[in-house]
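Welcome! Take a moment to look over the sequence and the 3D view, and then let us walk through them together.

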Amino acid sequence: MSPTVLQQADAHHPALSEPKNVQYTYTDPLSEFPALSGVDASFDGSTPIIDMEGLLGPQRSDFIKKIGHACEKNGFFAVKNHGIPEMKINNMLDTARDFFHLPEEERLKFRSSDPDSIIRLVTGFQDKTRNIFVSRQSLKFHCHPVEDFKNQWPSTPPSFREKVGEYCASVRKVEVAILEAISESLGLERDYIDKLLKGHYVSINYYPACQESELDVTHGVRTHTDPTLITILMQDDVPGLQVINDDKWIDVNPIPDAVVVHVGDMLQALSNCRYKSLLHQAVVNCEKERISIASYCYPSDDAAIGPAKKLIDDDHPAIYKDFTYKEFHESMWRVKCSTAKRLDLFKAESD
């Protein structure tokens, strides 16, 4: 059986977790998303690949240019030789799989509707209105610094806190190194984006094998962009990620020992729309379950997110006005939207 396209079940970042008592002024219409017939089968499946070792050598400037080109043209790239030991990656994926194979009563201990929870489980659900089933299950939690949060993580399976903590600490280092490279690719100081950083938030995503049912389709993560600076995704060996390329969906198949990095809404704003937030979705496999680990890089609440001043001139006027991440966070619940159109509220006024 062929894979089935997934649609968004829930938000995967603390800022996307639905707050209480919010009056919406706008609802995302289905027409906002690309009406594409399917995945481009003719596409060769190639993904821009950055060798992170190159960032440490004498040809660093060449690799910086490659990262900038990938961010501008593709909105994503894969990173190899990132420094996360293969053992830590395998331990993380195995531990994630073990968690979602626990008895339901054990997993549901972490279920919560509170968006401010340090850790919470989000489960699949049936949308009776559209006769679809949203299948993705996600365990979402804060993890930086690891020692501040690990005691609130699951103690079952027994390896969870140790193995997950090791992975989170390693991927945090990758985030910082990549953001430094992205800063330089924009012609900014190496630590320009690093200074905006706050915490580190991870979502362990579990997609069961697609089941036959009387519903029209099985869904999970619909077309969306991330309200982040960047997102780093670790996939197991089961394909699932799809992105928009030249107005067509393409598969971003897993590359052994590599992570996928993609542009988020905040980087789109900071770069003055030079780097655009990646529109992406997932598919569920009808024969195999799938695990992915998403790491979200987001700013502190008071961080200034408007276009960097060095990127503004007469030929490149500011597309967005200055705003704080807190203002962006709060606006997302007045204008409920799951794409970079969230940024429209912060567009600069034209003369």
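Is Arg-172 buried or exposed? With a relative accessible area of 11%, Arg-172 is buried, because buried means under 20%. Keep in mind as you read on that this is a predicted model.

**The overall picture**

The protein has 351 residues, and 54% of them count as buried. Its secondary structure comes to seven helices and 15 strands. Among contacts with a separation of 6 or more, 78% are between residues 24 or more positions apart.

**The sheet and a helix across it**

Let us turn to the strands. Eight of them form an open sheet with mixed pairing, in the order β2-β3-β13-β10-β15-β8-β7-β4. At its edges are β2 (49–51) and β4 (119–122), each of which pairs on one side only. Ignoring direction, neighbouring strands of this sheet are turned by 25° against each other on average.

Within the sheet, β10 (residues 230–235) and β13 (residues 259–263) are an antiparallel pair, joined over four bridges. Leu-233 has Val-260 in β13 as its bridge partner.

Helix α5 lies across β3 (76–80), β7 (137–142), β8, β10, β13 and β15. The helix runs at about 125° to β8.

**The nonpolar cores**

In soluble globular proteins, nonpolar side chains tend to be buried together. Here, the largest nonpolar core has 84 residues. Leu-139, Phe-141, Ile-178, Ile-182, Ile-204 and Ile-293 have the most contacts inside this core. Helix α5 (residues 160–185) gives the most to the core, with 10 residues.

What is Ile-293 in contact with, leaving aside its neighbours within four places in sequence? The partners of Ile-293 include Met-92, Leu-93, Ala-96, Tyr-167, Val-202 and Ile-204. Ile-232, Leu-233 and Met-234 are also in contact with Ile-293. A second, separate core has five residues, among them Tyr-207, Cys-210, Ala-282 and Val-284.

**Charged partners**

The structure holds 15 salt bridges. Here are some of them, with the N to O distance for each pair.

| Glu-175 | Arg-172 | 3.7 Å |

Arg-172, where we began, is joined by a salt bridge to Glu-175. Both lie in helix α5, three residues apart, which is about one turn of the helix. Glu-175 counts as buried too, at 0% relative accessibility.

What does the pair of Glu-189 and Lys-310 tie together? Glu-189 lies in the loop between α5 and β8 (197–207), while Lys-310 lies in the loop between β15 (290–299) and α7 (325–331), so this pair ties together parts that are 121 residues apart in sequence. Glu-189 is partly exposed, with a relative accessible area of 39%, whereas Lys-310 counts as exposed at 55%.

Lys-195 is exposed, with a relative accessible area of 63%. Elsewhere, salt bridges that share partners join Asp-94, Arg-97, Asp-236 and Glu-289 into one network.

Key. Residues are numbered from 1 along each chain as its sequence is written. This is a predicted model: local features need pLDDT of at least 70, side-chain atom pairs count only at pLDDT 80 or more; totals for chains, interfaces and linings use all residues. Side-chain values use heavy atoms; hydrogens and water are left out. A nonpolar core is a set of buried Ala, Val, Leu, Ile, Met, Phe, Trp, Tyr and Cys residues joined through side-chain atoms within 4.5 Å. Buried means under 20% relative accessible area, exposed over 50%, partly exposed in between (1.4 Å probe, protein chains only). Helices (H or I, at least four residues) and strands (E, at least two) are DSSP runs, numbered from the N terminus. Contact means heavy atoms within 4.5 Å. A salt bridge is a side-chain nitrogen of Lys or Arg within 4 Å of a carboxyl oxygen of Asp or Glu. Two strands pair if DSSP finds at least two bridges between them. Axes are lines fitted to C-alpha atoms, for helices over the stretch in contact, and angles run from 0 to 180 degrees between N-to-C directions.
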